[in-house]
Amino acid sequence: MKLLYKLIRDIKQSIGQFIAFTLVVAVGAFFYAGLVTYSNNLSAYTEAYFTEHNLSDLHVYYNQISQNDLADLSEIEGINKIEGRYTFDATQAFTDAKASLKIHSLPASNEINTPTILAGKIPSKKNEILLDSRYAKEHDFQVGDQIHISVDERDFTFIISGLGENVEHAKKNEIQDHKTYGFAYMAEETIPEIADGSSYNEIMIDAKEGYDIDKLGKSIELHSKQLSYVNQVSKERTFSYSKINETIQNNKWMSMVIPFVLFLIEAIILLLAMSRIIDSQRNQVGIMKALGVQNRNIMLHYMGYPVLVGIIGSILGCVIANLVFIPFVIASSARAYSLPGIQFSLSFYSIIPPIIFSSAFGVLACYLSGRTLFKECAAQAMRPKPPKTMKKLFIERIPGLWSRLSYSYKLILRNIFLNKQKAFASSIGVFVSTLLLITAFGTQAALLKVANQIEDVYTYDLRVDYTVGTTPDQIKLPSGVKNSYDLSTFPVEFIKDDVKENATFVVTSKENTLIHFFDENDNRISLEDNGVLVPKSYADKYHIVEGDTITISFTAPELQNKSVDMKVLQISTQYSNPSFYSTPAYLQSVGIDYTPTSLFVKANSEADLFSVRTFFDQDQHVDSISDKDDRKKSAQYILNQNSFVFIMFIICAVILSFGAIYTISSINIYERNRELATLKVLGYQKNKINRLIFFENIILTTFAVIVALPLSSYVYAIIVKALSSTHQQIPDQLNISSMLASVILAYLLTVLSNLLLWRKVTKINMIESLKSIE
């Protein structure tokens, strides 16, 4: 019990240091608990959600396929269940905008991609429709309302029988825009009214457990030779499924790496601190040994300090994560995905790993710091630690240089080189903290660059998308248009060896000045008629360089999955929604017909823009219009989804840096009590003594910063690579401002820690520090 009282007294005597340790542990626990909760809850929910609603393993598309053909295909080996449906695109006009709807028919006995009903019921009669609940909320639709849609210039009216979500539309598009895009399901009896027949154009396949999906896909394609086969997409290649899994994998990686790095910093700081605490209490250890206290109990007494730090810090970090991180995760998930009923709750067990890791590091630090002292006998332990022998420094051997240095600088250099191991360990703490700061600032700057590039790439006032079947001679331009360029967007597959990946292929003229392309050094590049621009995200993943030949398969139904080889013109840096680009001339040279489907428009002035938009709004051939505000929404979505994590990362990096620097400075003062007391006796003023400690800490910080700067690019590149994908590129180069801000902040934290420790220097008791056992 007395040892417990002593532990409490030791904590009171250095409460600032104890708080710094606790905050360091809390930061690691905060990120661990938050990221693990997000990753585990999302992974567990989606796994159960996909299983419960039987997410289709394979989608196969046809121009049309009958029920008899469907029955024949169901006999193929590997198919557990097969369902046919009719899928089509529809539009809905509102007073201020147009929206697109992806509508599917519901099989009579639906067992694949079953919907989740949130209100109302499944459509069972003609002209009934089950509407996307998020889309309905944006447009104030309720069960029982009428909804008017247009399909191929024909108008239809449906009654909303229910509102719901579907497992196949958990992620609709990049920015999860529920206002301009939604989905719906209609009864199978309605197909003849829409398709002028009862045929399907899509089949959904539930494969047998463990069966090779690629093998099954090839079998289906082989059996579909006599049918109007178009294309097929496996579950893993669907946009929704791939995006959710990408998020889960990224968060799993971050939940392991980030806490490990933070706990590693804590281990370094605790090793320094426990070494200082045990060394400074040699006399007390000797007295306890002389009183008969066993070495094991003395060691356990000192180990209680880091264990207590680990428990309090872990509890504090998890509580803050529950109050701050989890609400953010809930809001972020709601913006990013449509997952009905998902809940994020912090598990009690998430507190255990931080306690175990932090306590284990602390206990190990105590053992390594105290094992030598505990081997000594009581009489020897009660004596002061013998001073280290000091050899001449290299700088002392340079004639005339050492004599020109002031006494203060000589003291600083001698102290650093006398305790080289501790100085090195101190620098490691600052070094890792500086790396965290640079990475945090760099990633936040990268997100801003991703958002800003959208404005740099697209400079049009309006993007006008025309209805399917619109011919070039039907496209008319109003007065007030300064520039206009047509383009067309194709859904394609990028093929490399046996790998297929969904992508977007955009065709526009090389004279188009309303869209700009950049290389990896932000230099402008242009389209030419002899090749295709490849996104850097694809080039990095598949090791594509300029001059290579790539294979692109055009999956649009009218192009019948035609595959062509294309020459790589240049590599284009595209941070958001990367696409392949070529000119109409090059596309036609490889045998693909080009028909423009969209138009980029630049108005003469802001005054003309209103009349230009009004003209296109009234054009019956126009399907949808987007403007600058829509581009800003995309940029804002990127920032909203990611900024919180990296702002918290910056804050936590600051806390860690301050904890490391404050602890190192505190250790420096405690270890040099005798030396600093001697200087006070010799008449050194308090400000001069503080200046000694300050300059020593500045030297250690400078050394850490010099080492951290070249390595920061490597660490940052690893993190960016983990967060990037072919569909989302993040800048992999640190900018000077991020590095400069991190360095300045590291020095500011050093200054702040010295100011807070000023009182410790003034409180040094000269008589108590200078007296010895002898």
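Modeller: Two strands pair if DSSP finds at least two bridges between them, while helices (H or I, at least four residues) and strands (E, at least two) are DSSP runs numbered from the N terminus. This is a predicted model, in which local features need pLDDT of at least 70 and side-chain atom pairs count only at pLDDT 80 or more, whereas totals for chains, interfaces and linings use all residues. Residues are numbered from 1 along each chain as its sequence is written, and side-chain values use heavy atoms, with hydrogens and water left out.

Colleague: Is threonine 114 buried or exposed?

Modeller: Buried means under 20% relative accessible area, exposed means over 50%, and partly exposed lies in between, with a 1.4 Å probe and protein chains only. Threonine 114 counts as buried because its relative accessibility is 16%, and it is found in the loop between β4 (98-106) and β5 (115-120). Contact means heavy atoms within 4.5 Å; leaving aside neighbours within four places in sequence, threonine 114 is in contact with Glu52, His53 and Asn166. For strand β11 (residues 229-234), six of its six residues are buried.

Colleague: How many salt bridges does the rule give?

Modeller: Side chains of opposite charge can pair when their charged atoms come close. The rule asks for a side-chain nitrogen of Lys or Arg within 4 Å of a carboxyl oxygen of Asp or Glu, and by it the count comes to twelve salt bridges. One of them joins aspartate 89 to lysine 102, with the closest N and O atoms 2.9 Å apart. Aspartate 89 lies in strand β3 (residues 87-93) and lysine 102 in strand β4, so the pair ties together parts that are 13 residues apart in sequence. Aspartate 89 counts as exposed at 51% relative accessibility, whereas lysine 102 is partly exposed at 23%.

Colleague: Where do aspartate 461 and lysine 602 lie in the chain?

Modeller: These two side chains, aspartate 461 and lysine 602, meet in a salt bridge (3.8 Å, N to O). Aspartate 461 is in the loop between α14 (420-457) and β12 (462-466), and lysine 602 is in strand β21 (residues 598-603), so that the pair links distant parts of the chain, 141 residues apart. Aspartate 461 is buried, with a relative accessible area of 5%, whereas lysine 602 is partly exposed at 24%.
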